[in-house]
Amino acid sequence: MGSEPGPVQVVTVCKEDHSFALDTDALAQILLAPEVRDKHVVVLSVAGAFRKGKSFLLDFMLRYMYRKGDENWLGRDDEPLTGFSWRGGSEPETTGIQLWSEVFPVQRSDGTEVAVVLMDTQGAFDDQSTVKDCATIFALSTMTSSVQIYNLSQNIQEDDLQQLQLFTEYGRLAMDEIFLKPFQSLMFVIRDWSFPYEYTYGFKGGKEFLDKRLQVKEAQHEELQTVREHIHSCFTNISCFLLPHPGLKVATNPAFQGQLKDVAPEFKEQLQSLIPKLLHPDRLAEKEINGNKVTCRGLLEFFKAYIKIYQGEDLPQPKSMLMATAEANNLAAVATAKDQYYKNMEKVCGGDLPYVAPESLEEKHQFNSREALLTFSSTKKMGGQEFCDRYQAQLDKELEEMWQSFSKHNESKNLFSAFRTPAVLFVLVCFLYVVSGVLLFIGLSTFALVCDCSLGVVMMAMLTWAFIRYSGRYRTVGGAIDQAAGVVLEQATVVLNRSRGTSVAEQKKSS
């Protein structure tokens, strides 16, 4: 991504083999920005058939987000509409899934702040996409969004509902396992609404129209009842907005670039009703999975888990989405627990903080490790106890690795530790020199010669160690010298402790 914000392709579709790929680096660059990664995320996605104006609608949302403090946020009459790529015509423009590169922090009236992400999706049922492609893109966007805008033209036809049933089937299957509605908000936006005399434009007319279209009646065929029951069972909130036609110039002029002067006044009026209400800070719904609010960091894990199940040949089996959700849910809990442990240990021995006694540091490690495990176990997770235990074992292992890293970092701050090897070698040189002199004095010249040879070897080791530390070369040899010095120090400590213990025992006997 460059310095200028723009659309970023995060899910690509290979038209040759109809496979899907997630650009993890691009997604991480958006969602792991320091200012938003730990905030609860709100994801607004627009999906529907191709060439029905999804990107066009999203760009007005972008314009509002950048100018939400301005009453005239729609802009000047001659101002082109920029943002997500769009154009007139009959050929599809957007492919896969795109996110806007800038995440918008929004503060609510209660003081909490959420991160708003705008998502654009490939239009369904073009001449290059299979049913699997369309179902996968729609399902991915619905599974990762908190508000899914289903963009339709003129009316809600029965085939629109049947297609929606196919897409939400994943959610219905998962719901049978988790006993919660898998998706959050679904908003039908009916474009080019031609019957305002029956149902007025906007939310009010949309609600009345939607209630009638999704009503389950006893006289209906079982298939029609099932479609409506599925939709109601998969979304916690369903709404509808009726939008008028934007005008003939918009639909027929190939040179149209989004200037408001060419847009019908009633369309602009309804946009000013729809978008501020949709993006009002107190109306924004955070993304939730199984009742838990998701952060930007967690959303990245869910994207990675969900894309795995769509990279095969077939649509996911009934439990595959549940298991993918459970995996992402547990990985997010592991990441949160690790982050908590890391921050707490950083406060104890991180960065430039002074050396901490090993016993005290281990005590802090044990406490922070227990706190991290408690955070993991207290987080609501899916998949059952046995499934979660695997991730707790993974967390245990990763906490142990982090502890080893912190322990080594702390040890490097110990001045004696840094100079332990030369100190041990120097003491050994002095000791051998004294012993050699004593042996020579009492006439044991052969033993004195052995001490002198040993002294020479130790001095050579000390000079070699100094050269290795200065040059950075032959680190294996340096490691062997460090290890040998450590063994000598350990054995000397054992001997001293043993002799001290013997003297104490003799004093007790004499007393």
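## Helix α9

The buried positions of α9 are Cys 296, Gly 298, Leu 299, Leu 300, Glu 301, Phe 302, Phe 303, Ala 305, Tyr 306, Ile 307 and Ile 309. This is a predicted model, in which local features need pLDDT of at least 70 and side-chain atom pairs count only at pLDDT 80 or more, while totals for chains, interfaces and linings use all residues. Residues are numbered from 1 along each chain as its sequence is written, and side-chain values use heavy atoms, with hydrogens and water left out.

The helix covers residues 296-309 and reaches 21 Å from its first C-alpha to its last, close to the 20 Å expected at 1.5 Å a residue. The expected span is 1.5 Å times one less than the number of residues. Helices here are DSSP runs of H or I with at least four residues, strands are runs of E with at least two, and both are numbered from the N terminus.

## α1 against α9

Helix α1 (residues 24-31) packs on α9 at an angle of about 160°, and the two axes are 9 Å apart. Axes are lines fitted to C-alpha atoms, for helices over the stretch in contact, and angles run from 0 to 180 degrees between N-to-C directions. The two helices, α1 and α9, are therefore roughly antiparallel (over 145 degrees; under 35 is roughly parallel, 65 to 115 roughly perpendicular and the rest oblique). Their crossing is right-handed, a term for a near helix turned clockwise from the far one by less than a right angle, with anticlockwise giving left-handed.

From α1, Thr 24, Leu 27, Ala 28 and Leu 31 meet Cys 296, Arg 297, Leu 299, Leu 300, Phe 303 and Lys 304 of α9, where contact means heavy atoms within 4.5 Å. By class, this contact of α1 with α9 has 7 nonpolar, 1 polar and 2 charged residues. Ala, Val, Leu, Ile, Met, Phe, Trp, Tyr, Cys and Pro count as nonpolar, Asp, Glu, Lys and Arg as charged, and the others, Gly among them, as polar.

## α2 against α8

The axes of α2 (residues 54-66) and α8 (residues 265-278) come within 10 Å and cross at roughly 65°. The crossing of α2 and α8 is right-handed.

On the α2 side the contact residues are Phe 56, Leu 57, Phe 60, Met 61 and Tyr 64; on the α8 side they are Phe 267, Leu 271, Leu 274, Ile 275, Pro 276 and Leu 278. The contact of α2 with α8 has 11 nonpolar residues and no polar or charged ones.

## α11 against α12

Helix α11 (residues 358-378) and helix α12 (residues 384-411) pack at about 155°, with their axes 11 Å apart. The pair α11 and α12 is therefore roughly antiparallel, and α11 passes α12 in a right-handed crossing.

In α11, the residues Leu 361, Glu 362, His 365, Ser 369, Ala 372, Leu 373 and Phe 376 take part; α12 contributes Cys 388, Tyr 391, Gln 392, Leu 395, Asp 396, Leu 399, Glu 400, Trp 403, Phe 406, Ser 407 and Asn 410. By class, the contact of α11 with α12 has 10 nonpolar, 5 polar and 3 charged residues.

## Helix α6

Helix α6 (residues 222-234) has 13 residues that should span 18 Å at 1.5 Å a residue, and its end C-alpha atoms are 18 Å apart, which agrees. Its buried residues are Gln 225, Val 227, Arg 228, His 230, Ile 231, Ser 233 and Cys 234.

## Loop residues

Tyr 199 lies in the loop between β8 (183-191) and α5 (203-213) and is buried, with a relative accessible area of 15%. Leaving out residues up to four places away in sequence, Tyr 199 touches Trp 193, Gly 205, Glu 208, Phe 209, Lys 212 and Leu 242. Tyr 199 and Phe 209 are 10 residues apart in sequence and 6.5 Å apart in space, C-alpha to C-alpha.

Most residues other than glycine have a negative phi. Asp 192, in the loop between β8 and α5, has a positive phi near 55° and is buried at 19% relative accessible area. Gln 154, in the loop between β7 (147-153) and α4 (158-178), has a positive phi of about 75° and is partly exposed at 45%.

## Whole chain

The chain holds 16 helices and 11 strands. Buried residues make up 44% of its 511 residues. Of the contacts with a separation of 6 or more, 74% are between residues 24 or more positions apart.

Methods
Buried means under 20% relative accessible area, exposed over 50%, partly exposed in between (1.4 Å probe, protein chains only).
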